[in-house]
Amino acid sequence: MKPYDPSIENCPLDGHTTFQMNSIVRHRLRNLCAGMKMAVERIADQVGSTYPQVTDMTPLMIAELTSLQVFTDRSDLLFDRLPPAACRCIGEVVSTVRSEFREQFPDTVLNLNFLDTDTDHILEHGNWLLIILRELLRNAGEAAGATGEVELIWAQAAGAKIVVTNSGLEIPAEIPLAPPLPFFTCRSRHDGIGLAIIARLCKALVADLAIQSDSGGVSVTIESVSGEW
């Protein structure tokens with residue numbers, strides 16, 4: 001028998017190889033989710049009348065596959081190339097995230113506060129700011145819960161600034177925030193990539209990211225270095 005050679009323990013991967021592997025894994029996950037959802041729905045249609053327990057479990061399986069699909073798409077924002085910048089007006093961005101928030105967290109109060117802000121103002125990187133707000137409000141809604149409140153402040157005239165606060169619990173000290181790192185979370189059924197996605201987009205926008213957390217809740221401030229978005 002040949003002696004054990006520790007040099008073959010792992011395949012050496014450079015940055016480019018890791019990027020390719022990561023992309024392939026996400027592509028496979030997307031295909032798996034899409035295929036499994038169709039298969040589950042077809043099986044339920046064919047045998048549901050005979051095995052009602054299959055029909056009962058179908059919504060849960062579809063929901064879990066959808067969640068995995070969404071997580072995979074969000075992972076693209078963290079590990080893949082960012083989507084090309086696209087113009088959006090402030091009003092369109094806020095209207096979109098407000099509608100999504102109400103659908104995800106129907107019992108949580110969302111307060112909107114525009115400080116000297118023209119909602120018709122066109123944002124050169126509006127789709128990136130839409131992604132940032134989507135991630136911020138998702139995190140804030142989950143933290144605040146059904147009985148809590150979330151506030152979005154958008155200030156434009158005195159320097160471009162966005163602040164999102166929630167009345168949830170303080171972020172534990174073991175969660176890295178400077179900078180935020182992915183896959184650190186203290187909440188069950190939470191993937192811990194939202195703040196890392198936000199940090200990456202803030203870097204691309206040349207914006208400062210500040211996170212304050214105490215017993216009164218969490219406040220995230222994003223401020224453009226140039227004073228404009």
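1. A crossing of two helices is called left-handed if the near helix is turned anticlockwise from the far one by less than a right angle, and right-handed if clockwise. With that convention, helix 3 passes helix 4 in a right-handed crossing. The coordinates under review are those of a predicted model, and the remarks below should be read accordingly.

2. Overall composition. The protein chain holds five helices and seven strands. Read from the N terminus, its elements follow the order α-α-β-α-β-β-α-β-β-α-β-β. The C-alpha trace spans about 70 × 60 × 40 Å along its principal axes. Of the 229 residues in the protein chain, 36% count as buried.

3. The pairing of helix 1 and helix 2. Helix 1 covers residues 15-47 and helix 2 covers residues 52-79; their axes come within 9 Å and cross at roughly 160°. Since angles over 145 degrees count as roughly antiparallel, helix 1 is roughly antiparallel to helix 2. The crossing of these two helices is left-handed. As for the make-up of the contact between helix 1 and helix 2, its residues comprise 15 nonpolar, seven polar and six charged.

4. Two positions in helix 2. L68 is located in helix 2, and its relative accessible area of 30% makes it partly exposed. The C-alpha atom of L68 is separated by 7.2 Å from that of C33, although the two residues are 35 apart along the chain. M61 likewise has its place in helix 2. At 34% relative accessibility, M61 counts as partly exposed. Between the C-alpha atoms of M61 and E41 the separation is 9.5 Å, and these residues are 20 apart along the chain.

5. Helix 3: length and faces. Helix 3 (residues 90-104) has 15 residues, which at 1.5 Å a residue should span 21 Å; the end C-alpha atoms are 21 Å apart, so the two values agree. The buried residues I90, V93, V94, V97 and F101 belong to this helix. Viewed down the axis of helix 3, its buried residues fall within an arc of 90°, and therefore they line one face of the helix. On the face turned away from that buried side are the exposed residues R102 and E103.

6. Helix 4: length, burial and end. Helix 4 comprises 19 residues (126-144) and reaches 26 Å from its first C-alpha to its last, close to the 27 Å expected at 1.5 Å a residue. This helix is mostly covered, with 16 of its 19 residues buried. Just after helix 4, G145 adopts a positive phi of about 75°.

7. The pairing of helix 3 and helix 4. The axes of helix 3 and helix 4 are 10 Å apart, and the helices pack at an angle of about 25°. Because angles under 35 degrees count as roughly parallel, helix 3 is roughly parallel to helix 4. As stated in the opening point, the crossing of helix 3 with helix 4 is right-handed, whereas that of helix 1 with helix 2 is left-handed.

8. Backbone geometry to inspect. Most residues other than glycine have a negative phi, and most peptide bonds are trans. Where does a residue other than glycine take a phi near 50°? D116 has this positive value. D116 lies in the loop between strand 2 (109-115) and strand 3 (122-123). With a relative accessible area of 65%, D116 is exposed.

9. The loop between strand 5 and helix 5. Is the peptide bond from A178 to P179 cis or trans? The bond is cis, with omega near 0°. F183 also has its place in the loop between strand 5 and helix 5. The phi of F183 is positive, at about 70°, although this residue is not a glycine. F183 is partly exposed, its relative accessible area being 47%.

Conventions. Residues numbered from 1 in each chain as written. Predicted model: local features only at pLDDT ≥ 70, side-chain atom pairs only at ≥ 80, totals over all residues. Heavy atoms only, no water. Helix = DSSP H or I, 4+ residues; strand = E, 2+ residues; numbered from the N terminus. Expected span 1.5 Å × (residues − 1). Buried < 20%, exposed > 50% of the residue type's maximum accessible area, 1.4 Å probe, protein only. Axes fitted to C-alpha atoms, helices over the stretch in contact; angles between N-to-C directions. Parallel < 35°, antiparallel > 145°, perpendicular 65-115°, else oblique. Nonpolar A, V, L, I, M, F, W, Y, C, P; charged D, E, K, R; others polar. Arc of directions from axis to C-beta.
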